[in-house]
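Let us walk through this model from its overall build down to individual side-chain pairs. Keep the coordinates open as you read.

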Amino acid sequence: MSDQEQGEGMRSYLDGALTVERLGANDGAKPFRAGDARGAVAWLVRGTPFSYLHAVEFAAAGDRRGFHAHSDHTEHFYLFSGALRLLARAGQAEVEVDLSAGDLAVFAPGTGHGLIALGPSFAIAYGNGADPIHDTAPADLAGAP
């Protein structure tokens, strides 16, 4: 359950430290996802530069990634295909959220996050602020490896 619904397709958790949006049709102003028999396309950034972009693959169910926090940047995590269980923590509050293809999760600085694959999955992560490779600390999350 989300802490709060923020309009169609947007869910907010941990007092806004985590948002998850199911991307929909192109409205000309925000990220969108569209698809047909050929597959899917997602337009994730419009007019806002970002300082890094990387692809994340989960080969099989049970694969884990993350279980860390970044102190000085906002991370966007778009699930292109598959399904993941997201664990996130802000302060003493923690939440589990199942993500499916088309979900865009946004982690505010300091929000601990870890992901567990529910099957083979592919995602794209991007953001602004400090280099995430150098701005990463382990996060105290239930279910951490």
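This is a predicted model. Of its 145 residues, 40% count as buried. The exposed surface comes to about 7600 Å². Carbon and sulfur atoms supply 54% of that area.

Now the fold. The protein has zero helices and 14 strands. Read along the sequence, the pattern is β-β-β-β-β-β-β-β-β-β-β-β-β-β. The radius of gyration is 15 Å, close to the 15 Å that the globule rule gives for 145 residues, so the protein is as compact as a globular protein of that length. Along the principal axes, the C-alpha atoms fill a box of roughly 40 × 30 × 30 Å.

Contacts come next. Take those between residues at least 6 apart in sequence. Of these, 71% join residues at least 24 apart.

Turn to charge. The protein carries 10 positive and 18 negative charges. Their mean positions are 6 Å apart. The structure holds six salt bridges.

Start with Lys-30 and Glu-21. Their side chains meet in a salt bridge, at 3.2 Å from N to O. Are the two partners buried or exposed? Lys-30 is partly exposed, with a relative accessible area of 35%. Glu-21 has 10% relative accessibility, so Glu-21 counts as buried, the cut-off being under 20%.

Move on to Arg-22 and Asp-103. This salt bridge has an N to O distance of 2.6 Å. Which parts of the chain does the pair tie together? Arg-22 lies in strand E3, residues 18-22, and Asp-103 lies in strand E11, residues 103-107, so the pair ties together parts that are 81 residues apart in sequence. Arg-22 is partly exposed, at 38% relative accessible area. Asp-103 counts as buried, because its relative accessibility is 0%.

The last stop is Glu-96 and Arg-85. The closest N and O atoms of this salt bridge are 3.9 Å apart. Glu-96 sits in strand E10, residues 93-100. Arg-85 sits in strand E9, residues 83-90. Glu-96 has a relative accessible area of 52%, so Glu-96 is exposed, the cut-off being over 50%. Arg-85, at 29%, counts as partly exposed. The pair also belongs to a network of salt bridges that links Arg-85, Glu-96 and Asp-98.

Technical notes:
Residues numbered from 1 in each chain as written. Predicted model: local features only at pLDDT ≥ 70, side-chain atom pairs only at ≥ 80, totals over all residues. Heavy atoms only, no water. Helix = DSSP H or I, 4+ residues; strand = E, 2+ residues; numbered from the N terminus. Rg over C-alpha atoms; globule rule 2.2 N^0.38 Å. Buried < 20%, exposed > 50% of the residue type's maximum accessible area, 1.4 Å probe, protein only. Contact = heavy atoms within 4.5 Å. Areas by Shrake-Rupley, 256 points an atom, 1.4 Å probe, with all protein chains shown as cover. Lys, Arg positive; Asp, Glu negative; His and termini not counted. Charge placed at Lys NZ, Arg CZ, Asp CG, Glu CD. Salt bridge = Lys/Arg side-chain N within 4 Å of Asp/Glu carboxyl O.
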